[in-house]
Amino acid sequence: MAGLDELTDEARRNTRGRFEQWVKNPQCEANTLSAVLNVKLAEVALSLGYQPEYGQSPFAVTRGLQFESWLFKDEAKVIRESMERVGILEENSSGFLDLRLTMNGGKNIKSVDDALEKSLQLFVSLSDDKHFTPPTIIAGLMLKIPKGVMLPEATLIIDVASIQRLDQKWVIRVGEIKVFPDRGGHTDTGEISTARAQAGVYQHALQITVESLDLRNPPIVSTSGYLVFTWPGTNSPVIRANEDLTYQARRAAVGFDRLDGVAQELMTKQAQNLSGIDLKDWIAHSKTEYKEICWSFCDLAPRCQDLAIAEDRAIVLGTEASKLLGSVGVGRAIELLDGFEPSTEIERALQVQLLAAKGENST
Amino acid sequence: MSTRDIVRQLEAVRISQPVPRYSTLHVRIVENPFMVAFVRMAGESRPWGIAYGRLKDSAPRVITAGDGRNREAVAQICEEFGVAMLQYFRAEGHTFNPITKENLDTKELPQIWVPGDRHVEMFHHLEYAYWRVRKGDDRTQPLTVFARLSGWLFRESGRIGQQQIIDASRALRDAYVFPADTLSLGNLTNAVAWFKKDGSLPNKRISVRASGEQRVSPTLDPGLDKDVLAPLIEQRAELLKAGRTPTLVEQKIHEALSPELMARWGSMVDAYHILASDNRAENNGVEKLVKSTMEKYVVEFQRLERGMLDPSGDPIFTPHPETDFHGSAAAAGYFRMQAADVAYTASLVHDDAELCAEALASGHAFMGEVTDVWNTGVGRVTIPNWQVKVRIGEISRLREGEDYSLVGNPKSKVSIREVEVVDEEHWLVHIEWESPKLKEISGPICAKPLDSSWIGKRLIFVPCDTSALTAKQAQAVWDAKDGVGAWLTHGRAPVQVEESFIDDITQLQDN
């Protein structure tokens, strides 16, 4: 049984992943619970007898780690050169702070608490120490989201951040590192938007963290960030600079607020102490909202499809069919197509549309 | 997806199997095409293994690299595959009988099949990997030429109506409507299973889903990576570290990758046979699309390769895999794509009742009854004119000055002179015949446009093929380099690119 006391470092750093999972289908109660309670959907699927599919290849994990370690090798020489080339940093910049945990390829930081403390020290120094010369690049900056967003824990690690002096203020800018190839105009738009959305989550988290610290002279969190991809087939970074994260950060703000609200509501409803509840069972028996997109992230998708098939729901034909047919089942839609008498106004309107489209077949 | 598509989906549900989308097939099914399937190591972009060959070969050739990250080993398999591709495509310098403008024959269309869109993308990755030539390098090396061919194929794959690279998964989705969601059909094994499985629809859905557990994308199942391949790769690395030859382990890796490649190959061959055994005829317009495809191949690939063979070593324009880095190149490319889009529907709609109905539903075509026929020519000149009564509900995009063809007569051209509102339901459309004026046209009757027997006939008019005009605009873009606003439209690349590349663009502009 999964419990709240089973938090590991890995789970704690999964906040972003949980948020992004929830955003894919916020209407689904099971998905929301999984994100809020930090219980993997794969575990729930397994408990219901479905074989989970979503996992990462060890080769992909190794490649990601190798890429990051290459970027940050020798005081972040490789990424610094690229950042200077695209204007994120000025030429001949210096200073690198590595806050990555040793388990993630870092050198000195052994625990999450250590990383959080060093991150806090950095913010305080930027605010209060006039003689402080900050590093220009920080790897693994770690944040504890202050509002208690999402239960039971909300810790975020920013892949890379950079610091620059602008108009007497320190400006922090966030970056997202992805190992997938940047193929210019042919780059997968879905991958770019995912990376941008994740950078937006960082930007928002950094903003609220800095605000919550109530510093005398707080650093400015830039609304523009950058995405670090690879040149196809190599470990050379390709940086997309000046990515406007305003709307992505707003999306994150709204999302976190909503998720927080849902979390509070769920907890209120569940008067008992959570430690006595089988969380997997709770998720498995909550309401679901099956959509096509579920196949891209949720191990419960086969179970939900089975239910949709059994209930003859239009979603088995896809999102578009589901939008048109609404609550009318597939079998009933065929009857309407065959001229059966509609029993509701909704059915009547649907029949008009279907017959009009069918009539065009015979032109 | 239109309501019409959803009605088709419901029809597919009714018979528990896919139904034809159109009345004809819109793709040329070559008798013995070249086929290829790739697998790659997760996180890598180049192939780890390749299965390739001709459909009628007894078995495909399956080649793998010991480690998908080893550049030399991967280059070796890519080169072998590349040479076979260059020979099949009768590329300049790699065959005794290259395809040229003079010997172009649409019956000899080189066509390559891949299982899905990620395999099409692999050609782009291959271009990235091997296209670069440094000063003094032999630019006619097979791997480099293959990279350019890969780039050509990848770019061509995005042009509507092209017939040279067939994504089997997409070809099935274009030809049939399935009683399933589109996302699941992205997996070719799912789409193919709909034709193979029997039983009630709910049971069929479950068994189709089970078939889809076999991946078709080049990336392997993480479970296979974790349980089988990762330990083998580790063993291989240890052997190399100890200075021993990893032949046996590499053989095991080959044995693990081969079934994966063969599964992808098998699904692709199944898709081919489904389409090849379809009862529908090839659309008459496909011949035109094939000719256009081959002409483009000659002009945009073969011509450049002939230049590469020139011993003078003069710079030859080589498209960059990423982008065009040039406003004019982008504009010309846009016009070429737009021309392809126009030509596609205009070529096929005359021979496909379903496509025609779709054009009517979307307002791109219109239907009406001829109410009057008269001549506005003076003396010996004949200018046939018709008045057509059109129900307003049937049209939405009709505008004065636009050109249409009478369906079934692809070369015919009429121009809309005037549109007059009769009542709440009808418009009177005055059309003037531009071509033909004196020859017979076919429809419900065969008669000249001026024949009064057309009166009372209900006819469909579809958009005229104006692709030639749009294609000319592509050239006009380059010709406008000295015109007004050239500082804006013909500016150089805003980012720093290779010097030789700038030279190539300049050369192209100056010619």
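The model is predicted. Chain B holds 16 helices and 15 strands. Its C-alpha trace spans about 95 × 65 × 40 Å along the principal axes. Of the 511 residues in chain B, 54% are buried. Take the contacts between residues at least 6 apart in sequence: 69% of them join residues at least 24 apart.

Now the surface and the charges. Chain B exposes about 23,400 Å², and carbon and sulfur atoms supply 50% of that area. The chain carries 60 positive and 71 negative side chains. The centres of these two sets lie 2 Å apart.

Next, the rings. The whole structure contains 24 aromatic pairs over all chains. Phe38(B) and Phe81(B) form an edge-to-face pair, because their planes meet at 85°, with the ring centres 5.8 Å apart. Phe38(B) sits in strand E2 and Phe81(B) in helix H2, 43 residues apart. Both residues are buried.

Trp386(B) and Phe461(B) make another edge-to-face pair, with 6.4 Å between centres and 75° between planes. Trp386(B) belongs to strand E9 and Phe461(B) to strand E15, so this pair ties together parts that are 75 residues apart in sequence. Trp386(B) has a relative accessible area of 0%, so it counts as buried. Phe461(B) is also at 0%, and therefore buried.

Ring pairs also build a cluster, with Phe38(B), Phe81(B), Trp152(B) and Tyr297(B) among its members.

Finally, charges over rings. Arg46(B) lies over the face of Tyr130(B), 5.5 Å from the ring centre. Arg280(B) places its charged end over the ring of Tyr176(B), at 5.0 Å from the centre.

Terms used:
Residues are numbered from 1 along each chain as its sequence is written. Chains are lettered from A and ligands numbered from 1 in the order in which they are written. This is a predicted model: local features need pLDDT of at least 70, side-chain atom pairs count only at pLDDT 80 or more; totals for chains, interfaces and linings use all residues. Side-chain values use heavy atoms; hydrogens and water are left out. Helices (H or I, at least four residues) and strands (E, at least two) are DSSP runs, numbered from the N terminus. Buried means under 20% relative accessible area, exposed over 50%, partly exposed in between (1.4 Å probe, protein chains only). Contact means heavy atoms within 4.5 Å. Accessible areas come from the Shrake-Rupley method with a 1.4 Å probe; for residues, only the protein chains shown count as cover. Lys and Arg count as positive and Asp and Glu as negative; His and the chain ends are not counted. The place of a charge is taken as NZ of Lys, CZ of Arg, CG of Asp or CD of Glu. Rings of Phe, Tyr and Trp (its six-membered ring) pair if their centres lie within 6.5 Å; planes under 30 degrees apart count as stacked, over 60 as edge-to-face and the rest as tilted. A charge sits over a ring if NZ of Lys or CZ of Arg is within 6 Å of the ring centre and within 35 degrees of the ring normal.
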